[in-house]
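Subject: Structure for your files

Hello,

Here is the structure I said I would pass on.

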Amino acid sequence: RWNQSVPAAKPCLPVHRLFEKNAEDRPGAPALIFGAETVSYGALNNHANAIARHLIAQGIRPGDVVGLSMRRSPELVAAFIAVLKAGAAYLPLDPVYPAQRLREILADAEPVLLLCDNDGAAKLGDVACPVLDVKRHAPKWHDMPDVAPVIAGLTPRHLAYVIYTSGSTGKPKGVMIEHRGLVNLALAQIALFEIKRDSRVVQFASFSFDASVWDIVMALCSGAELHLIGGDAHRDASVLFDYFADHRITHATLPPAMLQ
């Protein structure tokens, strides 16, 4: 009787659909804050839809893995959503990681396509799979319809992402997370931390670390603001806490060292 841990209702929508519902309900609401740039839910959704449709035109299908090697930016979040909308799983490859580690991950995961920015392309060099530069190749999807694609056959058991462990006890291993696990995480975190539409969530962790998923999905699936911080805020606690105060941040997931 005490262990009544069965959820009241099983989630039926993947996280990109939960995000889309917020974009439909409040298209003008701020979704991303990055420096002086603010991106609305509607604009982010339209951008992700266009990229997703281009990925589908390139042959991306459910079960495929698409690498993302980009610095923290609105473009990275749009690409992350686009890969999910296309039915594929994303593989994060943070350009600040050592090049050797990134190449080992690429060799092990064998993504069918890589989306990158200048930093990601420079860090990885030549790769075995096709590469799309999100700046240079952006005209390819500018004329794509900004209506959300519908992926036939996509189920909660399809992969949503693959993130590699730190490798502190051996060779890094790719952990494969299905859509059902990702949406469970999103809904659990939103409920646990009481994320609401007026919440302001900081995205602190590296995109290649699974804690980044908490920040992104619990913000965008609840209609909150997601703040992408960079540079000095990751190294200087005083800069970080000034940012918290200036932007009235309500939620932040931080490592113990930074909290201390």
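This is a predicted model: local features need pLDDT of at least 70, side-chain atom pairs count only at pLDDT 80 or more; totals for chains, interfaces and linings use all residues.

Aromatic pairs

There are six aromatic pairs in the structure. In one of them, the ring centres of Tyr-90 and Tyr-161 lie 5.3 Å apart with the planes at 35°, so this pair is tilted. The two residues come from distant parts of the chain: Tyr-90 is in strand β4 (residues 89–92) and Tyr-161 in strand β7 (residues 159–164), 71 residues apart. Tyr-90 has a relative accessible area of 1% and is buried. Tyr-161 is buried too, at 6% relative accessibility.

Tyr-90 also pairs with Phe-207: the centres of these rings are 5.3 Å apart and the planes stand at 15°, so the pair is stacked. The cut-off that matters here is 30 degrees, because planes under that angle count as stacked. This pair again joins distant parts of the chain, with Tyr-90 in strand β4 and Phe-207 in the loop between β9 (200–203) and α8 (211–220), 117 residues apart. Phe-207 is buried, with a relative accessibility of 7%.

Which residues do ring pairs link into a cluster? They are Phe-80, Tyr-90, Tyr-161 and Phe-207.

His-16

His-16 sits in helix α1 (residues 15–25). Its relative accessibility is 3%, and His-16 therefore counts as buried, since buried means under 20%. Leaving aside residues up to four places away in sequence, His-16 touches Leu-84, Lys-85, Leu-154 and His-179.

Positive phi angles

Glu-194 is not a glycine, yet its phi is positive, near 55°. Glu-194 belongs to the loop between α7 (179–192) and β9. Is this residue buried or exposed? With 54% relative accessibility, Glu-194 counts as exposed, because the cut-off for exposed is over 50%.

Arg-248, which is likewise not a glycine, has a positive phi of about 50°. Arg-248 lies in the loop between α9 (237–246) and α10 (256–259). Its relative accessible area is 58%, so Arg-248 is exposed.

Regards

Methods: Residues are numbered from 1 along each chain as its sequence is written. Side-chain values use heavy atoms; hydrogens and water are left out. Helices (H or I, at least four residues) and strands (E, at least two) are DSSP runs, numbered from the N terminus. Buried means under 20% relative accessible area, exposed over 50%, partly exposed in between (1.4 Å probe, protein chains only). Contact means heavy atoms within 4.5 Å. Rings of Phe, Tyr and Trp (its six-membered ring) pair if their centres lie within 6.5 Å; planes under 30 degrees apart count as stacked, over 60 as edge-to-face and the rest as tilted.
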